[in-house]
Amino acid sequence: MTKITFLNHASFIIEYNNIKILNDPYLSGSAFNNGWNLLQEFDHKEYLEDITHICFSHEHPDHFSIPFLKSIDESKRTKITIIYQDTFDKRVKSFCQKLGYQFLEFENLIEKQIQENFSITIGKVPFYDSWINYKVNGKNILNVNDCVIENPSVANQIKKNIKKVHTLLTQFSYASYIPVNEQKEKALKCLENIKIQDEILKPNFIIPFASFIYFSNTQNKFMNKNINTIEKTYDYLTKNCNSNPIILAPNEIWNLQIKDNKKSLLFWKNLYDNLNNLDYYEEKNLYKLNELTDKSQKYIEKIYKKNNGFILKILYKLKILSPVNIFISDLNIYLNFSIIDGLTDISENKLNDNYVKMDSNSLAFILDYEYGLDTLLVNARFETFKTYKNNLIKSFAIGALNNTGRFMRFRDLFKYLNINFIERTLKKLK
């Protein structure tokens, strides 16, 4: 018999015979530079016994949890196989193998059988995400986690490969920076995306998940104002979708049949009702201007070491890479960053509200880590006008691309010749 055990957020276990696959185990602690936390943490120890595989959809820390991987006893790691998409840089593969895990790479859309009546297909979604389909005893269990499936063409691409979906697991609320005045619209769009998936994929069941977090920093608390609760999501699915909604509480086991959701809904309602009383982190690890300047110089040196300087300067001339004005709130100063000049002081009266507000910790995080920009966009520890956010993205875009194994070098241009990648890039910069 096939069964699914929901753990928390985007993490669940799928079992069939002697196969026990753990998905995206983010089960404790903060994520995205002290920007996210689980609504509540739970003890999952008894459910994590005898895990045979761990499947990761992508590298975001609310899916790929390094502390979790390191928490597993070294003697057990050789008995566990990591399942992951094939990537340019092989970084995840190298990291997991060094920890002692077995590793199984999946090429895009190539189905692999791991046991009789149990096969897996992984589909890449630019820039780094992926959906995972488990075909178990003839039933397709599709985990799209937080892949953005916002239009019929994307859903139809999946349908071509999966055909009939039995169970769909999908995100139900927003997960990146949204100004307060746009949050209700974005929250509704998340639910409308599920309706698109329902209409095209026609699953028997829909499990809304991968949104059981709250924005847990004093700087991003405003993001919780209009999130979709599971109760609101259930009401929408009941009224607008043909599939049967399945609501699961932590450590609840589901046997792929219709169930009564009342108990699970009440469990989550009690947590959402208490959202304002949860713990919120206040940043204390701040930096001086000279420290930020030093980090900026090192960031640029690293960028030019990995990428072709001529290409970077051409992109800058074409304004594909643009400078960005930043107000550092704890230092009360205005700075400009560009891939050409690094950090420079600017006068406030030149800005006309065209700037991004953040603290020195967030800027330092961008400069220290190639995934820093992506982290900031997700944790929403900044403020800006919608149109000016593009300057922030374009200014630090090269580091973000390098983090996916893509570099601005002539010999690497083939990595950009993907229509889905190009479409997603243009959409992000609109």
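Biologist: Why is Asn151 called partly exposed?

Modeller: Asn151 has a relative accessibility of 23%, and the scale calls a residue buried under 20% relative accessible area, exposed over 50%, and partly exposed in between, using a 1.4 Å probe and protein chains only. Since 23% falls in the middle range, Asn151 counts as partly exposed. Asn151 sits in the loop between strand 11 (139-145) and helix 4 (152-162), where helices (H or I, at least four residues) and strands (E, at least two) are DSSP runs numbered from the N terminus.

Biologist: What kind of model is this, and which rules apply to its values?

Modeller: This is a predicted model, in which local features need pLDDT of at least 70 and side-chain atom pairs count only at pLDDT 80 or more, while totals for chains, interfaces and linings use all residues. Residues are numbered from 1 along each chain as its sequence is written, and side-chain values use heavy atoms, with hydrogens and water left out.

Biologist: How do you know whether Asn145 is buried or exposed, and what of Asp24?

Modeller: The relative accessible area of Asn145 is 0%, so Asn145 is buried; Asp24, at 1% relative accessibility, therefore counts as buried too.

Biologist: Why is Asn261 called buried, and what is in contact with Asn261?

Modeller: Asn261 has a relative accessible area of 5%, which puts it in the buried class. Asn261 lies in the loop between strand 16 (252-254) and helix 7 (262-273). Contact means heavy atoms within 4.5 Å, and, leaving aside neighbours within four places in sequence, Asn261 is in contact with Tyr234, Pro245, Ile246 and Ile247.

Biologist: What makes helix 8 and helix 10 roughly parallel?

Modeller: Helix 8 (residues 289-306) and helix 10 (residues 360-368) pack at an angle of about 25°, with their axes 8 Å apart; axes are lines fitted to C-alpha atoms, for helices over the stretch in contact, and angles run from 0 to 180 degrees between N-to-C directions. Angles under 35 degrees count as roughly parallel, over 145 as roughly antiparallel, 65 to 115 as roughly perpendicular and the rest as oblique. Helix 8 and helix 10 are therefore roughly parallel to each other.

Biologist: Which residues meet where helix 8 packs against helix 10?

Modeller: Leu292, Lys295, Ser296, Tyr299 and Lys302 of helix 8 meet Ser360, Leu363, Ala364, Ile366, Leu367 and Asp368 of helix 10.

Biologist: What makes helix 4 oblique to helix 5?

Modeller: Helix 4 and helix 5 (residues 180-201) pack at about 40°, with axes 9 Å apart, and this angle makes helix 4 oblique to helix 5. Here Pro152, Ala155, Asn156, Ile158 and Lys159 of helix 4 meet Ile196, Ile200 and Leu201 of helix 5.

Biologist: How do you know that helix 11 is mostly covered?

Modeller: Helix 11 (residues 372-379) has 8 of its 8 residues buried, and among them are Gly372, Asp374 and Asn379. What covers these buried residues includes strand 4 (36-38), strand 14 (213-215), strand 20 (356-358), helix 10, helix 12 (389-395) and helix 13 (397-403). Just after helix 11, Ala380 takes a positive phi of about 60°.
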